[in-house]
Amino acid sequence: MTDASLPVVGGLRLRPLTKENILYYYFPLKGMVSYAALSVNVMNPSIAIRLLPKRDVTNFLLIHTIFGTTLFLFSRPHLKGVSTNKRLAFSVCGSVLFSFGSVLVWAVLRSAIPRNQGLATALGLSSGVLIAKLAYDYLETNDSNCAGTVAKKN
């Protein structure tokens with residue numbers, strides 16, 4: 001089965017299970033699922049309390065979000081020419097800033113809206129999608145600008 005013939009689910013193409021795809025596609029994808037769950041957990045913690053009454057899943061979701069986002073950033077073309085140590089440091093830093101910044105946004109939003117669980121959940125998910133989309137577009141712009149710079153040098 002070629003990459004082009006793999007099924008598409010909701011706009012996401014299933015990729016073959018290779019080391020590269022597992023590290024830089026599936027783990028980041030799992031990180032984004034954790035990010036979505038984190039947005040709901042921060043905005044409406046009662047859902048997590050009902051599902052897992054004796055566990056706080058916030059740190060679990062945060063760690064998985066950071067891990068997936070770090071791998072996603074590490075694989076970006078604009079960091080390819082950077083040494084591995086710096087690339088890892090930049091990726092972890094960007095991931096932590098993205099994740100903790102999002103948590104801060106959700107905490108502020110939660111305190112600013114009326115106490116309505118449905119509204120909080122919807123606002124958490126929609127703001128998470130917006131933040132993630134903006135971050136993705138920013139990275140795509142960086143990558144394309146770097147590709148233009150490299151092309152101009154050659």
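In which kind of crossing, left-handed or right-handed, does α1 pass α3?

Modeller: The model is a predicted one. In it, α1 passes α3 in a left-handed crossing. The two helices may be taken in turn, and then together.

Helix α1 covers residues 19-43, and its 25 residues should span 36 Å at 1.5 Å a residue; since its end C-alpha atoms lie 35 Å apart, the two values agree. Along its course α1 bends by about 25 degrees at Y26, and the proline P28 follows within four residues. P28 is also one of the buried residues of α1, a set that includes N21, Y25, G31, S34, Y35 and L38 as well. Toward the end of the helix, S39, V40, N41, V42 and M43 are buried too.

Helix α3, residues 58-74, has 17 residues. From its first C-alpha to its last it reaches 24 Å, close to the 24 Å expected at 1.5 Å a residue. Its buried residues include L61, L62, T65, G68, T69, L71 and F74.

Two packed helices are described by the angle between their axes and the distance between the axes. For α1 and α3 the angle is about 145 degrees, and the axes are 7 Å apart. Where they meet, α1 contributes residues including L23, F27, P28, G31, S34, Y35, L38 and N41, while α3 contributes, among them, L61, L62, T65, G68, T69, L71 and F74.

Definitions and conventions. Residues are numbered from 1 along each chain as its sequence is written. This is a predicted model: local features need pLDDT of at least 70, side-chain atom pairs count only at pLDDT 80 or more; totals for chains, interfaces and linings use all residues. Side-chain values use heavy atoms; hydrogens and water are left out. The expected span of a helix is 1.5 Å times one less than its number of residues. The bend at a residue is the angle between axes fitted to the seven residues ending there and the seven starting there. Buried means under 20% relative accessible area, exposed over 50%, partly exposed in between (1.4 Å probe, protein chains only). Axes are lines fitted to C-alpha atoms, for helices over the stretch in contact, and angles run from 0 to 180 degrees between N-to-C directions. A crossing is left-handed if the near helix is turned anticlockwise from the far one by less than a right angle, and right-handed if clockwise. Contact means heavy atoms within 4.5 Å.
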